[in-house]
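Here is a short briefing to read alongside the model. Please keep the sequence and the structure open as you go.

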Amino acid sequence: MNAALVSLAWKSLLARKLPVLLSMAAVALSVGLLISTEKIRGGVRAGFENTISGTDLVVGARTGSLNLVLYSVFRLGDPLQSVSWDTVELVAQHRDVSWVIPMSLGDSHRGYRVLGTDERYLQHYRYGEDQNLKVAQGTWVNGPAETVLGADVAKSLGYVLGDEIILSHGIVSAGFADHDEDPFTVVGILAPTGTPVDRTVHVSLLGIDAIHGPVKVNEDYRPDFVTSFLVGMKSRPTVLRFQRILNTYDKEPLTAVIPGVSLSRLWSIIGPVETILKVFTALVFIVGMVGLATTLLASLAGRKRELSILRAVGARPRDLLTILTLETVITTAGGVIVGWTLAYATLWGLAPYLRANYGLVLQAALPGSFDVLVFAAVIGIGLIAGLVPGISAYRQGLNEGLTSN
Amino acid sequence: MPTDDPVPPTCQMQDVAFRYDPSSSDRFQLSDLAVQAGEAVLLTGPSGTGKSTLLGLLCGVLAAESGRIHVDGQAMSGQSGSQRDRLRAEKIGYIFQNSNLVPYLSPTENVLLGGQFSKARRDKAGANAQARRDHATALLERFGITDIDRAAATLSVGQQQRVAAARAQFGAPPLLVADEPTAALDHVNRDLFFETVLSTVRAEQTGLLVVSHDLSIAHLFDRQIELTSIAKWGAA
């Protein structure tokens, strides 16, 4: 390829700035969409899989395993039946069990779920890659009228340490069921995790009972029931056996699920949506590239004369092919770079917003092999799109000779 | 044809046959055409007699079925497409009837295009980029174009034809071919065009073949050939 052809292609592009910029915009939008949807999809998936870690079993009263995980881990879905405290203690004392975290759900504060638990939650709960919860400000819950807020709760409701808040029974945030007489004091705020923990209001188990009525504060308080509990085993191989023991426990009907298995099953429900998203993104991309080829072919009609002149000064048909293909490749490459930059600028710009509002952490928002693949694919397709008018020019060069008009 | 000529003709076509459609029996046949160095030849004839076909064959854009086509001593006939393209780039300066300029290039760049596809012509035009640019500027000046960096599209038709002539002469190719080069020009511009082209033809000993149906320019040429006297269309 010679420099003169590159220079001709470049000057020709500069002379047709508007159509070239429009084609570039079409490519940029396709590429931007492709990259940002892929990154967000990856972020959603990673965030989903990292919601909980280190927990071997989620245990609740007999119910569907998906509902149990949805309710206990994501604070979504239908409320659960209760599990007796005796069972929780019995499990905690089992020789294969390392720890349990009791969880009492069912109340809310202005749309955020209230979780009654104890200090074992802070000690043993893990998310992401084995990260534990950290109290960013203040302390963990000590008394029945104290609360520790997830990062999003504190941020979006504007609460600071020392604020007094009212917790209501049930999950509706309407005022009817509010128990005005029992304010809780914010004593701590957790560091952000990007998981449902950020959207949770934490109180003690005694605090949960306090929402529902006056309680006597004494040292040997024990609740009657909890909603569910998380179990950590001393060693992995015992998980399946212990799950079977719990599922066949005859004193109380229980459901014990391995969270990882349920999460995968949940994700497989979302799978088709993911596929549809991919298909649509690909279609937008293809439409963009077809548009590019169309623009090029349309502009070719107006350039017949120019190609004849190049033929007359000695250009070979393959030189015409080279010039037209180069033009497409330059246009496409420009579009890819613009689209890529836009996608990442948008993702980086939106990251704090997505993080705050959807708990979506775009950890995967760094360029990777996917980007290289997109680059190669777009330039490749651009090359093919450029070959269409290029070959047409080539044939014109071969067949039409030095036509005068 | 002159057999005792000491210098071979700048271009020569002999017993050439050509068909656009190989399955058709409609064949273009040309008996003999030669242009000597320093000679200006006018080829006339009504439309449809094969002027474009003759030019396509001479310039190597069309491939002859049989016969001999030589330009500056080199065979155009019997060569591959890209060899013919290279020969055209090197040996022939071509001028269209109109719209001769690449619209996004300046007059200077349009003239430089004359050497774009031939190293020989570039080398003849100048040893380096600056020398070639000077050569282009000098050619444009000779044709009265001094406004050398404005967009080609803003030039008048007369100016455009003269830029095209300057391009055809860039790097001094041995043969100039023009297809109705002054059909779109008024008398003043037409005379200006031929005056300059012919003076170069004489000075550089270039062969000039002009196709036109404008008989009022015939007196400017050394020879006038009626196309129908040397070529015809028909079944073989």
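A salt bridge here is a side-chain nitrogen of Lys or Arg within 4 Å of a carboxyl oxygen of Asp or Glu. By that rule, 2 salt bridges cross the interface of chain B and chain A, and the count over all chains comes to 26. This is a predicted model, in which local features need pLDDT of at least 70 and side-chain atom pairs count only at pLDDT 80 or more, while totals for chains, interfaces and linings use all residues. Residues are numbered from 1 along each chain as its sequence is written, chains are lettered from A and ligands numbered from 1 in the order in which they are written, and side-chain values use heavy atoms, leaving out hydrogens and water.

**Where the chains meet**

- On the chain B side, 23 residues are in contact (heavy atoms within 4.5 Å) with 27 residues of chain A.
- The two chains bury about 2200 Å² between them, with 64% of it on carbon and sulfur atoms; buried area is the accessible area (1.4 Å probe) that two parts lose on being put together, summed over both.
- In chain B, the residues that lose the most area to chain A are B:F96, B:Y104 and B:F117, which together make up 34% of what that side buries.

- B:E109 and A:K11 join their side chains in a salt bridge, at 2.8 Å from N to O.
- Helix α2 (residues 81-91) of chain B gives the most to the side that touches chain A, with 4 residues; helices are DSSP runs (H or I, at least four residues), numbered from the N terminus.

**Inside chain A**

- Chain A is divided into domain 1 (3-49 + 270-399) and domain 2 (57-257), with bounds that come from an automatic or database domain assignment.
- The C-alpha centres of these two domains of chain A lie 50 Å apart.
- A:E38 forms a salt bridge with A:R41, whose closest N and O atoms are 2.6 Å apart.
- Both A:E38 and A:R41 lie in helix α2 (residues 17-49) of chain A, 3 residues apart, about one turn of the helix.

**Aromatic pairs**

- Over all chains there are 11 aromatic pairs, meaning rings of Phe, Tyr and Trp (its six-membered ring) with centres within 6.5 Å; planes under 30 degrees apart count as stacked, over 60 as edge-to-face and the rest as tilted.
- The rings of A:Y344 and A:W348 have centres 5.4 Å apart and planes at 50°, so this pair is tilted.
- A:Y344 and A:W348 both sit in helix α11 (residues 317-358) of chain A, 4 residues apart, about one turn of the helix.

How values were computed
Helix = DSSP H or I, 4+ residues; strand = E, 2+ residues; numbered from the N terminus.
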